[in-house]
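Please look through the structure below.

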Amino acid sequence: MKIQLTMATLMASLFLCSLKTFADAKHEQTDKQKNSIILADGHAPIGVMGDHMHQKGEWMIAYRFMKMDMKGNIRDGQDLSPREVATSTNHPYGPPSLVRMVPTEMDTSMHMLGFMYAPSDTVTLALGTSYLKKTMTSIMFNMMNNPMPASEMDTSGIGDTKVKALISLYEQTSHHLHANIGLSLPSGSIDENGMMGRAGYGMQLGTGTYDFLPGITYTGSAGQIAWGGQAKATLALNNNKHDYKRDTGYDANLWASYRFIPALSASLRLQHKKQGKINGRDSGIFAPMVGANPDNTGRKTTNLGVGVNLVSSHGILRGHRFAFEWLTAVDQSVRGVQLEMQDMLTFGYQYAF
Ligand SMILES: [Cu+2]
């Protein structure tokens with residue numbers, strides 16, 4: 001715990017120190033940089049994080065709104081009705097011996113605020129924070145397996161904080177490679193309550209753990225076509241205060257875009273990600289609901305996305321970027337019984353100066 005705190009403090013001070021040099025660096029920007037054309041495809045699809053670096057002294061602020069929809073239950077690739085889930089899913093902390101609370105839908109919306117700053121051409125620092133709202137609709141079954149009216153519950157608050165450094169590894173006119181080194185700090189709550197005890201793992205707002213976030217990003221371009229790939233992992237460094245952590249997860253992305261005019265590009269993205277299962281158990285999560293059992297956590301999802309990037313090079317809108325991406329799940333496998341991922345929308349605004 002001490003080492004992780006020291007690491008966190010170190011990264012935070014690194015970030016703060018670099019802010020000091022901002023004023024000086026700002027003056028070094030040449031007239032050429034000020035008048036250059038900014039290309040829409042200079043950034044990856046908006047759902048990809050840490051895809052680009054900045055030039056020395058450059059800042060960026062970013063706001064993203066993400067909305068994810070999950071609906072319907074699946075097990076072993078089969079759709080299950082709420083009653084099928086209730087009559088066939090074990091509740092290990094019983095009685096009762098079967099789950100009584102079955103989710104039918106879950107919406108997650110997230111507001112993300114990000115800052116980037118480049119103390120040099122080879123290092124870009126990034127800080128990200130978020131506000132989350134999770135809403136879950138469930139059906140409760142009585143002892144005769146008859147459904148009661150659907151009920152809704154939600155949790156909301158600050159999510160985990162991410163501190164990252166992007167380090168350039170290879171830079172050429174049409175090819176770029178950088179390492180993503182990050183740390184996730186447990187600012188998100190893992191104490192959210194439900195109707196009975198703590199809410200399920202999926203309804204909590206943070207991991208409760210310090211997570212190491214290594215990754216690598218490649219981007220390339222030729223004329224009006226740009227492409228890229230990114231692989232990232234999430235490794236929990238400790239067990240949280242409720243005695244669990246998530247197993248290692250990963251997120252792999254491939255994308256390509258076409259630029260119609262300098263200000264507008266459209267993209268396609270293929271994403272394959274794994275969310276690690278809950279390792280350990282929070283004894284405060286014991287209600288007879290599907291999401292209370294770590295056996296019903298962890299999943300692999302393959303998503304396909306289409307997106308649009310917009311940027312202006314002129315006037316007062318110079319440097320302001322707007323982007324939009326819609327991802328839909330094309331394949332997924334879940335451990336145990338879980339809600340099925342449907343789609344995800346991301347809207348983003350970015351401004352570099
Ligand atoms: Cu940026």
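**Overall form and strand pairing**

The protein's secondary structure consists of 4 helices and 16 strands, where helices (H or I, at least four residues) and strands (E, at least two) are DSSP runs, numbered from the N terminus. With a radius of gyration of 22 Å, close to the 20 Å that the globule rule gives for 353 residues, the protein is as compact as a globular protein of that length. That radius is taken over C-alpha atoms, and the rule is 2.2 Å times the number of residues to the power 0.38.

This is a predicted model: local features need pLDDT of at least 70, side-chain atom pairs count only at pLDDT 80 or more, and totals for chains, interfaces and linings use all residues. Residues are numbered from 1 along each chain as its sequence is written.

The C-alpha trace spans about 75 × 45 × 30 Å along its principal axes. Of the contacts between residues at least 6 apart in sequence, 68% join residues at least 24 apart; a contact requires C-beta atoms, placed from the backbone, to lie within 7 Å.

Strand E4 (residues 123-140) is paired with strand E3 (residues 101-120) in the antiparallel sense through 17 bridges; two strands pair if DSSP finds at least two bridges between them. E3 and E4 form a hairpin, with 2 residues between them, and methionine 110 lies opposite leucine 132 in E4.

E4 also runs antiparallel to strand E6 (residues 161-171), with 6 bridges. Here leucine 127 has valine 163 in E6 as its bridge partner. Strand E5 (residues 151-158) is joined to E4 by 8 bridges, again antiparallel, and threonine 137 stands opposite glutamate 152 in E5.

Notes
Two residues are in contact if their C-beta atoms, placed from the backbone, lie within 7 Å.
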